[in-house]
Amino acid sequence: MSAPTFLEPWQLRAAFARSLSDMYGKEVPAYTTLLDVSHEVNADFVAQHGADAERLGSISRVTAERHGAIRVGTPTEMSQVARIFGAMGMHPVGFYDLRDASSSSVPVISTAFRPIEREELARNPFRVFTSMLVTADRRFFTADLEQRLENFLGARTLFGPELLALADRAESEGGLPEDQAVEFLRLATQAFELSDEPVDQAWYRELEAVSAVAADIGGIASTHINHLTPRVLDIDDLYARMEARGITMIDAIQGPPRWEGPDVLLRQTSFRALAEPRTFRTADGEIVRDSLRVRFGEVEARGIALTRAGRAAYDAAVVEIDEAAAAARADNPGFTEAQRQELARAVWQKTFPTTEAALADQDLGWFTYEVVDQSSLVEPSSPAAPVETRASAVVRQPVVYEDFLPRSAAGIFQSNLSSDGAKDASQEGTDRDADWMAGALGRDLNDPFDLYADQVARSLAGAAETLGVDPA
Ligand code: OOG
Ligand code: NI
């Protein structure tokens with residue numbers, strides 16, 4: 001087979017994920033360690049669990065799977081990001097407001113760019129959590145600071161005209177010829193490299209006093225990939241192995257606790273942000289070397305996507321765990337993370353059933369249905385069914401969660417910031433919602449629940465057609 005001469009969006013997406021991973025591995029060597037450990041964990045898990053290990057995605061998908069995180073400053077930059085990812089078949093899904101996603105709040109709103117069709121996800125599920133600074137939010141920025149931020153952001157160019165023109169062409173023509181694809185991928189990767197342009201020290205520090213995230217976004221004239229997250233099949237095992245290698249992890253695994261029932265949604269953790277050398281320009285024009293801690297190494301395990309009812313149960317469980325943990329901490333200042341996990345497990349046991357079948361029956365999780373020839377289900381050792389009596393069976397498969405959790409996202413942001421910043425709680429926040437985000441993007445914003453429901457409805461229609469029955 002000769003090399004492709006035209007690259008389709010999914011091929012651009014897969015190639016971009018690889019290119020970004022190579023670049024980030026050079027910039028952040030600990031990421032390469034994280035990848036090595038992830039591969040070990042996944043290989044051991046597959047060896048122990050066989051075919052069951054692949055219920056939430058083939059091992060080839062999981063091995064290549066990454067999510068990235070980027071941060072931009074303005075609606076214009078956000079709409080440019082949408083064009084670049086649009087070229088790769090990645091569409092905005094979901095709205096996250098991290099300004100009040102718990103005690104840890106950061107002045108951003110976010111969406112995730114990702115493939116939305118089942119086949120596209122199977123080809124390459126690369127997704128990017130993309131956050132945008134809300135400069136108009138008075139709890140963080142005074143009118144004067146907002147104005148100076150807007151001036152700074154308005155004067156910079158994150159994505160050049162050549163990159164955007166190639167992106168638009170790829171999106172309208174369904175891909176790019178190879179030479180243009182190579183150039184597109186080079187420019188797109190370069191746009192997310194860490195720049196060594198000197199940073200205006202006074203400006204950066206002024207923003208940092210308000211919010212370290214605001215400084216990372218609005219204090220420098222370029223952007224960069226913040227983290228690139230591999231997926232593992234056993235995140236507790238990964239956490240232990242990283243610590244055994246002497247890499248300091250954040251205190252907790254964010255999201256659901258480890259427990260005996262099915263894994264749902266998303267569990268994430270990270271190693272602490274590393275000090276990276278940066279150049280600063282001081283107020284009197286002197287160039288000095290210093291370091292910043294903003295980029296970290298995150299890793300995640302994905303579980304079954306929850307329905308709206310399942311998600312409501314999850315959200316209620318999170319509140320219950322928080323309250324119980326706060327009460328326990330008040331009684332006992334030595335309350336540990338291990339004790340919090342114990343408490344979380346107890347809440348989980350009353351909230352969720354311990355089997356996939358019950359999760360499906362109670363309509364808490366999403367499952368697809370597929371008709372298979374029953375003979376393929378018969379173990380080779382069992383007596384083969386006579387051909388005449390072969391029947392079809394409907395097999396239920398869990399749908400993997402493809403999105404993010406605002407609470408974990410805020411936790412991941414916050415646990416890696418070097419300072420808390422200062423928020424003026426006496427001020428009103430600025431309204432921002434999914435419609436506002438769609439307007440900024442200049443595109444429809446997909447609702448994650450609709451996408452899961454659609455995937456399930458299609459599987460039911462397909463199964464009904466195969467069986468020649470009414471899907472209802
Ligand atoms: C994004 C943090 C959120 C996740 O996986 O929840 C995130 C950021 O740090 O820019 O990536
Ligand atoms: Ni992340």
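**Briefing on the predicted model**

Helix α15 is the largest contributor to the shell around ligand 1, to which it gives 4 residues.

**Shell around ligand 1**

- The residues that surround ligand 1 are A69, R71, F129, S131, N226, Q268, E298, F404, S408, A409, I412 and F413.
- Two or more residues of this shell come from each of β2 (66-72), β5 (127-133) and α15 (406-415).
- By class, the shell around ligand 1 comprises 6 nonpolar, 4 polar and 2 charged residues.

**Packing of α12 and α13**

- Helix α12 spans residues 308-331 and helix α13 spans residues 337-351; their axes come within 10 Å of each other and cross at roughly 145°.
- The crossing in which α12 passes α13 is right-handed.
- On the α12 side, the contact is formed by A313, A317, E320, I321, A324, A325 and A328, which meet Q339, R340, L343, A344, V347, W348 and T351 of α13.
- This contact of α12 with α13 consists of 10 nonpolar, 2 polar and 2 charged residues.

**Packing of α4 and α7**

- Helix α4 (residues 75-86) packs against helix α7 (residues 161-173) at an angle of about 50°, and the axes are 8 Å apart.
- The handedness of the crossing of α4 and α7 is left-handed.
- Q80, R83, I84 and G86 of α4 are in contact with L163, L164, A167, D168 and E171 of α7.
- The contact of α4 with α7 contains 4 nonpolar, 2 polar and 3 charged residues.

**Domains of the protein chain**

- According to the domain assignment, domain 1 covers 6-229 + 415-441 and domain 2 covers 366-399 + 447-472.
- A distance of 37 Å separates the C-alpha centres of domain 1 and domain 2.
- The contact between the two domains involves 6 residues of domain 1 and 4 residues of domain 2.
- On the side of domain 1 that touches domain 2, the residues divide into 3 nonpolar, 1 polar and 2 charged.

Definitions and conventions: Residues numbered from 1 in each chain as written. Chains lettered and ligands numbered in written order. Predicted model: local features only at pLDDT ≥ 70, side-chain atom pairs only at ≥ 80, totals over all residues. Axes fitted to C-alpha atoms, helices over the stretch in contact; angles between N-to-C directions. Left-handed = near helix turned anticlockwise from the far one by under 90°. Contact = placed C-beta atoms within 7 Å. Nonpolar A, V, L, I, M, F, W, Y, C, P; charged D, E, K, R; others polar. Near = placed C-beta within 6 Å. Domains from an automatic or database assignment.
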